[in-house]
Amino acid sequence: MSQGATSAAVVSVGNELLFGETLDTNTAWLGRKLATLGIPVVRGYTVGDVAEDIGWAVRDAIQVADLVLVTGGLGPTPDDLTKFAVANVLGRDLVVDDRVKESLQERFREQGMDSVPPTAYDQAYVLSGSEPLHNAEGTAPGIFLRSDEAIIVLLPGVPRELKDIVNGSLLPHLERLQRDAPDRVWHHVIHTTGIAESRLTALLEERLADVSDEERLGVGLAYLPDVRGVDLRFTAFGPSRDEAFARMAPLVQSIEDVVKPYRFESDSGDLAEAVSQILRERGMTIATAESCTGGLIAKQVTGVEGASDVFAGGIVAYSNEAKIALLGVSILDLAEHGAVSETVANQLALGVADLMNSDIGIGVTGVAGPGGGTEEKPVGTVWIATSLGGEVEARICRYSGGREAVRVKAGHAALAAVYRRLVDSTA
């Protein structure tokens, strides 16, 4: 193994992942997190709750990576076999860690139980020579182990537990691994929303054609699209983040005017987080009036830590009666223009801002499908309105895809409209 971890592999364990019952969000999150530390993930594996399969994946992973992270299979049930499988691969014993045992006892006492269930004590076993990683969100600790083959990290599969351990007790280890590495890969990510990947790619490649080959040498650019937008990931090698970014800078600067109308600033890539941050900085609040999105925007905003500082409240006004009774939408305007209209979207945004006494109001109304569309207003038609200080703006959007895609795109576009108005109001 080289001095300092330079690459990583992720092994995801769980039958529920293979059966499609649970999406593997852990691997994606770990990839982004490790990238910020200059550690690229070079391979990923998904295996079921079978000791032989877990062992095979770990054996293969340590051949290609310096750091191997295994997620899932650390709980107290009979199908939690990760520790056993990894111990077998590395020739290590499983031993009781007294600190973990005491932590289990304390946690069950807090829950009003006099004793720890016998099966739960299995979580007190760790690989010999390893260090337990404290799990504030659950009972199964993570495990950090340096071996001759690689550095092995075992993490729970529950996303909130995994994130707590990585951001807490594991982070110093990861930072220490890379501190003395002579050359590392670094990423710089620009988050965009509101522009299609094909259009963005065409504009950027035209602009980048003016950058010299010497400046482009050793700098990569990847387009990472999803239903909410497109991330631009620049990559370069260097001993430090500053030196790597200095190599990326000419390319980043050359596209600035193209991406500016669509970019948003968020370390995590979460637009709701970006909006919440600006609101918090300005001491402002937001409220939502949703029809076709059914509370999706409110869910996104309240999913951000500290949401109570910025979120005044939300109304899911699905029926016309609810729009009229709760938010003051005009019955005459509903009859004349229909629920999916600029007029109604404006009244939703203004009405909820007034009702919740908030600085900003969002109003969304549309046809998510699969039924309900007309020739004039086909499925995917959505009106999005935002009010800021009593001034309302609205736009019509036409989205493709199924019902969920339309809802997600509309919710993201509403947050993007708020973000852009807030940024432009101080430009």
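**Charged and aromatic pairs**

Author: Glu 393 is partly exposed, with a relative accessible area of 45%; partly exposed means between buried, which is under 20% relative accessible area, and exposed, which is over 50% (1.4 Å probe, protein chains only). This is a predicted model, in which local features need pLDDT of at least 70, side-chain atom pairs count only at pLDDT 80 or more, and totals for chains, interfaces and linings use all residues. Residues are numbered from 1 along each chain as its sequence is written, and side-chain values use heavy atoms, with hydrogens and water left out.

Reader: Which residue forms a salt bridge with Glu 393?

Author: The partner is Arg 421, with the closest N and O atoms 3.7 Å apart. A salt bridge is a side-chain nitrogen of Lys or Arg within 4 Å of a carboxyl oxygen of Asp or Glu.

Reader: Where in the chain are Glu 393 and Arg 421?

Author: Glu 393 is in strand β17 (residues 391-398) and Arg 421 is in helix α16, 28 residues apart, so the pair links distant parts of the chain. Helices (H or I, at least four residues) and strands (E, at least two) are DSSP runs, numbered from the N terminus.

Reader: Is Arg 421 buried or exposed?

Author: Arg 421 is buried, at a relative accessible area of 14%.

Reader: How many salt bridges does the structure hold?

Author: It holds ten salt bridges. One of them joins Arg 263 to Glu 256, with the closest N and O atoms 2.7 Å apart. Arg 263 is buried, with a relative accessible area of 16%, whereas Glu 256 is partly exposed at 30%.

Reader: Changing topic, how many aromatic pairs are there?

Author: The structure holds two aromatic pairs. In one, the ring centres of Tyr 45 and Trp 56 are 5.9 Å apart and the planes are at 80 degrees, so the pair is edge-to-face. Rings of Phe, Tyr and Trp (its six-membered ring) pair if their centres lie within 6.5 Å; planes under 30 degrees apart count as stacked, over 60 as edge-to-face and the rest as tilted.

Reader: And which residues form the other pair?

Author: Phe 264 and Tyr 419 form an edge-to-face pair, 6.4 Å centre to centre with 75 degrees between the planes. Phe 264 lies in strand β12 (residues 263-264) and Tyr 419 in helix α16 (residues 403-424), so the pair ties together parts 155 residues apart in sequence. Both Phe 264 and Tyr 419 are buried.
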